[in-house]
Amino acid sequence: MSINSTTKKVDSVTVIGLSGKITIGEECKHLRETIRGQLSEGTKSILLNLGDISYIDSTGIGELVSSFTSVSRQGGQLKLLNLTKKVHDLLQITKLVTVFDIFEDEAKAVKSFGSTQA
Amino acid sequence: MAKETIRVEITLESNLKHVELIEVIAQTVAKQCGFGEDGLHEILMAVHECAINAICHGNKEDLQKQVGLSLSVHPDRLEIRVRDQGKSFNPNDVPDPLDKENLMKPAGRGILLIQAFMDEFRVGRCENWGNEVIMTKRLPSPSQPEKGGVGREHQ
Ligand SMILES: Nc1ncnc2c1ncn2[C@@H]1O[C@H](COP(=O)(O)OP(=O)(O)OP(=O)(O)O)[C@@H](O)[C@H]1O
Ligand SMILES: [Mg+2]
């Protein structure tokens, strides 16, 4: 499997750092299970750091959208941090830049969740 | 190099595990054409999406079926064809993933990406096969090689 994730807590925000690829198969499954795990623990504020993601395919983009939807359904927020140019271009082509809140600075991103979210 | 044409054709069992091989072959030929890092990445993504569609939608993951890849280098363009053994499909009937009502759908963006990364995308029928997706990309001009490209004079 070519994806790895690390999780840390910054204030009330869970920052998930992903590295590798988000592509069809095991990689997408890993992302889905990571998000599901966080939601089951009651996490509401998730910041996905995609800085070390080299490659996302259409299935991976779909997985990001599904993650966004499932976090929102639980009353939470999922935002994106540190997109590479390639990944940013993909979100531009698919018009998902209009859907996701995208940040380049972790501190700013964390702050944007506000203090009411847990 | 100018008049020489490279033509590579392979046929594989319609299995998702072969997608990587298809990608590697396409990348190798594309490198020969002088594409730089960005061009190679775009070709990789287009071939990846196309092969997965052929295997999943065209052949419905039936391992008895086959997927075909053909790469032809023309003086001005690289042409890539991906064949499956499935029922015909018309890309014009596919919902537009950029429509507001489709924006949050979990799928339906593969063809959009192929169209964004390649200069041409069309779907036809291929005798003894099923669908044939034809994608082309203009070769980088040799006088202004794309950044990171392999100079064609080295061949
Ligand atoms: N080779 C094929 N044979 C039959 N139908 C196809 C083929 N390729 C694409 N399609 C049809 O076109 C639709 C759109 O394909 P596209 O790759 O854009 O999205 P998708 O495969 O549904 O989802 P994803 O975003 O994960 O790629 C598919 O759902 C399928 O109905
Ligand atoms: Mg697809």
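User: Which residue stands opposite A:Gly20 in E3(A)?

Analyst: In general, strands of a sheet pair through backbone hydrogen bonds, either parallel or antiparallel. In this predicted model, A:Gly20 stands opposite A:Ile53 of E3(A). Strands are DSSP runs (E, at least two residues), as helices are (H or I, at least four), numbered from the N terminus. Residues are numbered from 1 along each chain as its sequence is written, chains are lettered from A and ligands numbered from 1 in the order in which they are written. Local features need pLDDT of at least 70, side-chain atom pairs count only at pLDDT 80 or more, totals for chains, interfaces and linings use all residues, and side-chain values use heavy atoms, with hydrogens and water left out.

User: How many bridges join strand E2 to strand E3 of chain A?

Analyst: Two strands pair if DSSP finds at least two bridges between them. Here, eight bridges join E2 (residues 13-22) to E3 (residues 45-56) of chain A, and the two run parallel.

User: What is the order of the five strands in the open sheet of chain A?

Analyst: The order is E1-E2-E3-E4-E5, with mixed pairing. Strands E1 (3-10) and E5 (102-103) of chain A each have a single partner strand, so one side of each is left without a neighbour in the sheet.

User: Which chains surround ligand 1?

Analyst: A residue is near a molecule if one of its heavy atoms lies within 4 Å of it. Residues from chains A and B surround ligand 1, so the site is shared between chains. Among the residues that come nearest are A:Ser58 and B:His57.
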